[in-house]
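Have the viewer open as you read.

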Amino acid sequence: MSSREKILNAVRANQFNGPALPDIEFLERKGKGTPEKFKTVLSSIGGEVFYINSLDEVSRIVARQFSAISRIVNLVPGIQIPTQETLLENIDPAQLHSVDLALIPAHFAVAENGAVWVTAEDLSPRVIPFICEHLAIVINSGHIVPTMHEAYQLIANYNYGYSVFIAGPSKTADIEQSLVIGAHGPRSLTVFIKV
Amino acid sequence: MEKTSQDHSELAANFNKDEERVDWHDETLWWIRQKRDKNVHQLPEWETLREVASQIKNNVLSRLHIYLKQFEKNATYNGMIVHWAADAAEHNQIVLDLLQGRGVDRMVKSKSMLTEECGLNEFLAEHGVEVVDSDLGERIVQLAKEPPSHIVLPCIHKKKEEIGELFYKYLGTPAGVSDPQILTETARQHLREIFLTRKVALTGVNFAVAETGEFVVCTNEGNADMGAHLADIHIASMGIEKLIPEKKHLGVFLRLLTRSATGQPITTYSSHFKRPSLGKEIHVILVDNGRSIHLGKPDFRESLKCIRCGACMNTCPVYRRSGGHSYHNAVAGPIGSILAPNFDMEKNADLPFASTLCGSCSNVCPVKINIHEQLYKWRQVIVQAGLAPVAKKAGMQVMTAVLSSPGLYNSAGKVGRWVFKYAPFAVNNQLNPWYKQRDLPSAPKQSFKEWYLTNKA
C-alpha cells in the first residue's frame, strides 16, 4: 500500500462527527475602508503613505525621496520614471539583487492591517518586491476594503498563480525583540494612494 | 533535534541558574503577550473570530480525508507536485531524493517546525547536503548548534552579546559588536548570497486551501519568498492538519494568527502559492508522522487545531521562567506539552506536569484549544500508564492516605503548622524542590476548621 493510501485510510478510520462549516458572511462589513485608517495602520508598522492626484506626481516624489539611488524598476502602467530600466524578458531573477527601487501596482488595500494585495501577473519575475532595496506600491483610494473578509470576497474567483499581501517593509525582531527594518527584503515601503 | 535524557524540571533548573536571564526572558515574553492584548482588544469581534476558527478547524479534522484528496486534486491541477509521507523518515527521504535527483547538495530553508520535528537538517547533513536556515532567529540557533526555543521567536533565549559572539566567529563581524541593527545587516548580506545561489528552497506552510489547491506562507522577513522565488525548485512541507476548506477562511485565520503571535495586525508577507512560474517546480509534501493516530483520541485531537502562533508560550508562567529548551521537543510550551505525548508518551511523560494548570493558555488560544484541560487529562493517562516520576507517585500515595482519613488530615495539619513555626529548616532545605527559587508564606496559627469551631457561636 502506498503512503497516500496508508495515510488516507488511517485518517478515515479516525474521522468523527464534526460540526458543519460555520457561516462567516456575517463578519463582512458594509461599506469601504478609509484611506485614513489604512494610512494610520501602515504608518504604525513602518510604511509611508503619500496621497497623489495624478500618477505624474509619483516621479517627482520618487526623485525627492530617493535621490541617491540609481537602479529603478517600474512595473506600474502610466508612470514613467526618467531613469527607469527596461526589464528584459526572461531575466535571471538573481540579476535583480542590486535594484534600488521597484514600483509595482496593487489591486487593493486593506484598512485594518495596512496590507496591499499584489499578484504574479504584475510581477515578472515574482521576486521583485522582495529583492529590491526599497519598494513603492501604487493603489487607488477607491480600492480599500475594511478587513480581510472583504478582501477574500473580492478575490474569491481571481485565478492567480501567486499572490501576496504586503504590509510594510521587511523586518525582524529576532535579536532581543529589537525591531530592525530591512531583514531580507525592502528597507522601506512607500504606498502612493491616488485620490 | 538534540535528544536529552533530562526531564523538564532538571532542564528548567539549569535555565534558572542565571536569574537575570530568567527575569529578562519572563518580562520579554510577557511584553509580547501585552502587545497581543492591545491589538486584540481593538477588534470587538475577537471572541466571535476565535469561535468561528475553532468550528472551521473542528470541521477540517472531522473530514480531513476528504479535504486532503480535494487539496491533492486541485494542487495537481494547478501544476504542483504532491507527495505523501507517512512518517519523518519518509519525508526526509523525499526531500533528499528531490535534491539528489538534480545533483543539488545545498538548500536554503525558511522556518518550518515540521522539519524540526522530522530532524531534516541532521538527516540531510549526514547525506552531504548543506542546509542554511534563512529566518534570522533560526540562522542564529543553527550557528549555535541549538534547536529553536520558541516556534515564533527561535532565539528568544539568547542575549545579543552571545549572538554577537556567534557572528564574530562565523560571519566575520568585529569582536564585541552586539547592536541588533548591525547584526541584522550582517545576516542580511550573508543570507542574500545564499538566496542568490541556491537552486532548491524549502519552506513551511501556514495554511493550505482544499478548495483551490494553494498554500499560504507567512513571514515578516521575506525570507520564504526570497528563497522560493530565486530557486528553481520550491519544496513546501506541511503537516496534514494544516488544511482549511475554503479560501475565504484565510480571512479568519490571517486576522487571528499574527495578532495572537506578536501583536501585529498581520505579518509583512502573506504569500499565496498556487502555480509555479514557468520552468520552475513546486513540490508539496503532506506529512502524517503520527497525526492520523492522534486524530483517533477524542480527548486530545483538538490540539491538531493549532495554527502555531505561540501565544500559549508567551502567556505561560512556566514557559516564561523555564525556557523553551526545557521542553526537549520541537514545539515547546503548553501546546508542545500536549502534542509531544502523542508521539512518544514515555519520553514526554514529564511535559504535561510542566504547568500550573492556570488556564491562561486556553484563554489566549486563537482556535480555542482546551490546552490546560488536555494537560490535566494527559497527567491522568500518564499516571495510569505507570509513567509518573517516582517521587511524584510516592507523594501522591501519601496525599491519598492523608486526604482519605479525616483523623490523619487533622493531625497532619497540626504537625505541619508546628513544623513551619518551630522547625522551618525541616522543610525549607535543599532536599525539597519546592524551595528552589521560592519561599512559602508563614503558616496560619490555626486551621479553618479550628477557627470555625472557636468562632461559630
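This is a predicted model: local features need pLDDT of at least 70, side-chain atom pairs count only at pLDDT 80 or more; totals for chains, interfaces and linings use all residues.

Residues are numbered from 1 along each chain as its sequence is written, while chains are lettered from A and ligands numbered from 1 in the order in which they are written.

**Chain A**

Chain A has five helices and twelve strands. Those are DSSP runs numbered from the N terminus, with helices being H or I of at least four residues and strands E of at least two. Along the principal axes, the C-alpha atoms of chain A fill a box of roughly 65 × 45 × 40 Å. Of its 195 residues, 44% count as buried. Buried here means 20 or more other C-beta atoms within 10 Å of the residue's own, exposed means 12 or fewer, and partly exposed is in between, with C-beta atoms placed from the backbone.

Among contacts in chain A with a separation of 6 or more, 74% are between residues 24 or more positions apart. Two residues are in contact if their C-beta atoms, placed from the backbone, lie within 7 Å.

One backbone detail to look up is the peptide bond from Ser124(A) to Pro125(A), which is cis, with omega near 0°. Pro125(A) sits in the loop between β6 (115–119) and α4 (128–131) of chain A.

**Where the chains meet**

How many residues of chain B are in contact with chain A? The count is 66 residues of chain B against 60 residues of chain A. On the chain B side, helix α10 (residues 180–197) gives the most, with eight residues. That side divides into 29 nonpolar, 22 polar and 15 charged residues. For these classes, Ala, Val, Leu, Ile, Met, Phe, Trp, Tyr, Cys and Pro count as nonpolar, Asp, Glu, Lys and Arg as charged, and the others, Gly among them, as polar.

Leaving aside neighbours within four places in sequence, the contacts of His184(A) include Ser170(A), along with Arg188(B), Leu191(B) and Glu221(B) from chain B. His184(A) and Phe130(A) are 54 residues apart in sequence but 7.6 Å apart in space, C-alpha to C-alpha.

**Helices of chain B**

Axes are lines fitted to C-alpha atoms, for helices over the stretch in contact, and angles run from 0 to 180 degrees between N-to-C directions.

| Pair | Axis angle | Axis distance |
|---|---|---|
| α16(B) (residues 333–343) and α18(B) (residues 371–384) | about 40° | 9 Å |
| α3(B) (residues 46–62) and α12(B) (residues 249–261) | roughly 125° | within 10 Å |

The angle makes α16(B) oblique to α18(B), and α3(B) is likewise oblique to α12(B). Angles under 35 degrees count as roughly parallel, over 145 as roughly antiparallel, 65 to 115 as roughly perpendicular and the rest as oblique.

From α16(B), the contact is made by Pro334(B), Ile335(B), Ser337(B), Ile338(B) and Pro341(B), facing Ile371(B), Gln374(B), Leu375(B) and Trp378(B) of α18(B). These split into seven nonpolar, two polar and no charged residues. In the other pair, Leu49(B), Arg50(B), Val52(B), Ala53(B) and Ile56(B) of α3(B) meet His249(B), Val252(B), Phe253(B), Arg255(B) and Leu256(B) of α12(B). That contact has seven nonpolar, one polar and two charged residues.

Arg308(B) has a positive phi of about 60° although it is not a glycine. It is in the loop between α13 (291–294) and α14 (311–315) of chain B, and is partly exposed, with 18 other C-beta atoms within 10 Å. His328(B) also has a positive phi, near 35°, but His328(B) is buried, with 24 other C-beta atoms within 10 Å.

Finally, Met238(B) lies in strand β7 (residues 233–239) of chain B and is buried, with 22 other C-beta atoms within 10 Å. Its contacts beyond four places in sequence include Leu114(B), Phe215(B) and Val284(B).
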